[in-house]
Amino acid sequence: MSALPGPDGRPPVVGIVGHAGAYGRWLARFFEQRMGLRVRGSDIADPASPTPAELARQVDVLVFSVPIRRPVAVIESCIAHADGDEAGALWLDLTSIKQAPVAAMLRSRAEVAGLHPMSAPPKLETLEGRTMAVCRARVARWGPWLDALLAALRADCVEIAPAAHDRAMALVQGLVHASHLVQADVLRDCAEAAGGMPTLHALRTVGHELDLTVTGRILAGNPAIYEDIQFCNPDVLPVLARLAEATASLRDKVAAGDESARAGMRQRFLASPAAWFGASALAAR
């Protein structure tokens, strides 16, 4: 296929910081095979590769695909060493949080957009059927090329501001993961007294099985990802505090055990959330 030209009329060279990682490898194949572009990479796992700062001087589009705890430091190093030579380039990041890396990229002179694919690297050649958050922080000349990239990725793109993205991720990722990590901890301590996991499996409900599926995906995944999602998004901590308060409230109502506590439980944890979700949303599920 013919490569899509950048703003200067020639196909851009793409650099991937973290090219040896799972998403870095997938992106390299995508850019080379689906978009016909040359790709260069930098990765601490590849000693022969250039440093991120060296790579920034060699490419037109620079993609940061590094663990959640690393992008700000890497971006700042690239800015310091580029010394303004990044002007005219496009910088992108794939981090699961958006405020900190986007703010760091904005301190450069490059055009900037933050991306967050809401899934692990797929086995398919595109992100079709998957969602991707898009934060266009400073995009002008590179706008048409970025639009073409998003179209080629085939993801269901959601345009969103970085702060709104991180608040949503505190619930979509932080709350969900925390709930299942806590469930796994409780199961580890309590399952044996109930006959062990084989007995729980034999007596499983649909809800229990669905929860175990999610918990299993988390526990079988990369621990660093789930750790960073909890620790690197400042919006997660208030959500965890709210989760702890709600759990304590439910515990206290069950401990009280009287009709007043039952009524309070029904109102707070059943009736009120059901009204908030709405009848149509509940019926759809």
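Guide: Buried means under 20% relative accessible area, exposed over 50%, and partly exposed in between, with a 1.4 Å probe and protein chains only. The model is predicted, so local features need pLDDT of at least 70 and side-chain atom pairs count only at pLDDT 80 or more, while totals for chains, interfaces and linings use all residues. Residues are numbered from 1 along each chain as its sequence is written, and side-chain values use heavy atoms, with hydrogens and water left out.

Visitor: Why is His177 called buried?

Guide: The relative accessible area of His177 is 11%, and the limit is under 20%; therefore His177 counts as buried.

Visitor: Which residues does His177 touch, not counting those up to four places away in sequence?

Guide: Contact means heavy atoms within 4.5 Å, and His177 touches Ile218, Tyr226, Ile229 and Gln230.

Visitor: What makes a space a cavity?

Guide: On a 1 Å grid over the protein atoms alone, a cavity is a set of points where a 1.4 Å probe fits but cannot get out; lining residues have an atom within 4 Å of a point. By this rule there are two cavities of 30 Å³ or more.

Visitor: How is the lining of the second largest cavity classed?

Guide: Ala, Val, Leu, Ile, Met, Phe, Trp, Tyr, Cys and Pro count as nonpolar, Asp, Glu, Lys and Arg as charged, and the others, Gly among them, as polar. The lining comprises Ile68, Ser96, Ile97, Met169, Gln173, Ile229 and Asn233, which gives four nonpolar, three polar and no charged residues.

Methods: 1 Å grid on protein atoms, 1.4 Å probe; cavity = no way out; pocket = protein on both sides within 12 Å on 5 of 7 lines; lining within 4 Å. Points joined across faces, edges and corners; volume = space filled by probe spheres on them.
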